[in-house]
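Here is a short briefing to read with the model open beside you. It starts with one definition, then goes topic by topic.

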Amino acid sequence: MLQSIEGVYKNGNIQLSELPSDVSESRVIVTFLEPEKSRIQKQIMRFGMFFGHKQSTENDFKVTEFYGDIEDSLDWL
């Protein structure tokens, strides 16, 4: 039976997030995943990025503009 358990490799040691059930000794395969920083991609809306019957217009972008929040006591102008 195969089990997958998440862990962290740091300074030559592997720290498992939980102990495997019913395993006292076993061969293992360790796979190193890419750091989370590189997996996060910016999500930017740009003109014409959505396909369909209606394409994005200049007015669609004006609706999404942020002009600040009057109640936050910050000078946005």
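Two residues are in contact when they have heavy atoms within 4.5 Å of each other. With that in hand, Val 8 touches Asn 13, Ile 14 and Gln 15, leaving aside residues up to four places away in sequence. Please keep in mind that this is a predicted model.

**Overall layout**
- The protein chain has two helices and two strands, and from the N terminus on these elements run β-β-α-α.
- Of the 77 residues in the protein chain, 3% are buried.
- Among contacts with a separation of 6 or more, residues 24 or more positions apart account for 0%.

- The average pLDDT of the protein chain is 78, and 75% of the residues score at least 70.
- Strand 2 has the highest mean pLDDT among the elements, at 91, while helix 1 has the lowest, at 61.
- Where pLDDT is low, predicted coordinates should not be read in detail.

**Around Val 8**
- Val 8 belongs to strand 1, which covers residues 7–10.
- From Val 8 to Phe 32 the C-alpha to C-alpha distance is 9.3 Å, and the two are 24 residues apart in sequence.

**The aromatic pair**
- The structure holds one aromatic pair.
- The rings of Tyr 9 and Phe 32 have centres 5.3 Å apart and planes at 90 degrees, so this pair is edge-to-face.
- Which parts does the pair tie together? Tyr 9 lies in strand 1 and Phe 32 in the loop between strand 2 (13–16) and helix 1 (36–39), so the pair ties together parts that are 23 residues apart in sequence.
- Phe 32 has a relative accessible area of 57%, so this residue is exposed, the cut-off being over 50%.

**The largest pocket**
- The largest pocket holds about 1,200 Å³ of space.
- Its lining is made of 27 residues, and those closest to the pocket centre are Ile 5, Leu 16, Ile 29, Val 30 and Thr 31.
- Strand 1, strand 2 and helix 1 are the elements that give two or more residues to this lining.
- Which element gives the most to the lining of the largest pocket? Strand 1 does, with three residues.
- By type, the lining residues divide into 15 nonpolar, six polar and six charged.

Notes. Residues numbered from 1 in each chain as written. Predicted model: local features only at pLDDT ≥ 70, side-chain atom pairs only at ≥ 80, totals over all residues. Heavy atoms only, no water. Helix = DSSP H or I, 4+ residues; strand = E, 2+ residues; numbered from the N terminus. Phe/Tyr/Trp six-rings, centres within 6.5 Å; stacked < 30°, edge-to-face > 60°. Buried < 20%, exposed > 50% of the residue type's maximum accessible area, 1.4 Å probe, protein only. 1 Å grid on protein atoms, 1.4 Å probe; cavity = no way out; pocket = protein on both sides within 12 Å on 5 of 7 lines; lining within 4 Å. Points joined across faces, edges and corners; volume = space filled by probe spheres on them. Nonpolar A, V, L, I, M, F, W, Y, C, P; charged D, E, K, R; others polar. pLDDT = per-residue confidence, 0-100.
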